[in-house]
Amino acid sequence: MLIAGFPAGAWGTNCYLVAPAAGEECVIIDPGHQAAQGVEEAVAKHRLKPVAVILTHGHIDHVASVVPVCGAHDVPAWIHPADRYMMSDPAKALGRSIGTQLMGELTVGEPDDVKELADGSELKLAGMEFTVAHAPGHTKGSVTFRLPEQADIPPVFFSGDLLFAGSIGRTDLPGGDHAEILESLARVCLPLDDSTVVLSGHGPQTSIGRERATNPFLRQVAAGPGDAATDAAAAPRRGM
């Protein structure tokens with residue numbers, strides 16, 4: 001499997017291109033602010049053919065380049081219906097202005113072909129099968145994507161802004177809910193094998209085993225009320 005990832009734009013949002021191998025079809029995950037050039041460079045470097053864009057949620061730092069990327073390759077974008085409005089109205093999703101100068105750089109709106117994601121669905125794209133899990137808390141329409149273990153390759157979990165190395169997504173923007181994100185962590189993340197590779201929306205790669213042992217929020221939902229909850233309350237959040 002080939003996974004080419006890079007941080008893009010003002011928020012350093014991780015964009016990923018995923019393919020069975022170089023020279024084959026690929027899926028693009030979260031082409032955010034100023035990601036279009038990086039996508040084209042990765043496509044050319046690895047001789048890839050994009051067939052779809054899939055989005056972990058609708059915040060502008062994850063979707064700002066959806067229109068140009070989908071347009072350049074004539075591919076659909078997949079997003080959960082609860083976050084679909086954010087592509088056309090990013091300021092409403094943030095509950096504050098993100099700046100007139102920055103808004104002038106963005107191509108706000110939907111691509112020509114938008115498809116909606118559903119919890120538990122299996123997306124068969126580019127010869128791969130992504131399992132979708134609805135994981136609200138950061139936004140109402142946040143989802144994760146999981147690829148199964150293959151030969152000597154461990155399972156891969158694209159967590160969006162649900163789970164980061166040492167932290168979780170913020171819940172103070174419209175649609176955010178702290179109790180809901182903890183429930184999503186418990187339901188979506190805890191059942192995963194420790195060997196699962198976590199590729200998140202911001203920051204470095206990690207694993208479920210590492211986060212189960214060290215992430216105060218994941219420890220909190222695993223252990224219930226107690227010291228882990230106290231640690232989590234003092235821990236910083238990440239993402240927009």
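Analyst: Some terms come before the questions. Contact means heavy atoms within 4.5 Å. Axes are lines fitted to C-alpha atoms, for helices over the stretch in contact, and angles run from 0 to 180 degrees between N-to-C directions. Helices (H or I, at least four residues) and strands (E, at least two) are DSSP runs, numbered from the N terminus. This is a predicted model, where local features need pLDDT of at least 70, side-chain atom pairs count only at pLDDT 80 or more, and totals for chains, interfaces and linings use all residues. Residues are numbered from 1 along each chain as its sequence is written, and side-chain values use heavy atoms, with hydrogens and water left out.

User: In what order do the six strands of the open sheet lie?

Analyst: Two strands pair if DSSP finds at least two bridges between them. The pairing here is mixed. At the edges, β1 (2–8) and β6 (114–116) each pair on one side only. The order is β1-β2-β3-β4-β5-β6.

User: Which residue in β6 is the bridge partner of W78?

Analyst: Strand β5 covers residues 77–79. Three bridges join β5 to β6, and the two run parallel. The partner of W78 is K115.

User: At about what angle does helix α3 run to β4?

Analyst: Helix α3 spans residues 66–73. It lies across β3 (25–29), β4 (49–54) and β5. Its angle to β4 is about 150°.

User: Which residues of α3 make the contact with α1?

Analyst: The axes of α1 (residues 36–46) and α3 come within 9 Å and cross at roughly 35°. From α1, the contact uses A36, V39, E40 and V43. An α-helix has 3.6 residues a turn, so residues three or four places apart point the same way. From α3, the contact uses V69, A72 and H73.

User: Which residue caps the N-terminal end of α8?

Analyst: Helix α8 covers residues 216–223, and its buried residues are P216, F217, L218 and Q220. After the helix comes G224, with a positive phi near 80°. At the N-terminal end, a side-chain oxygen lies 2.9 Å from the backbone nitrogen of F217. That oxygen belongs to the cap, N215.

Key. Buried means under 20% relative accessible area, exposed over 50%, partly exposed in between (1.4 Å probe, protein chains only). A polar contact is a pair of N or O atoms within 3.5 Å; within protein, one must be able to donate a hydrogen and the other to accept it, and residues adjacent in sequence count only if both atoms are side-chain atoms.
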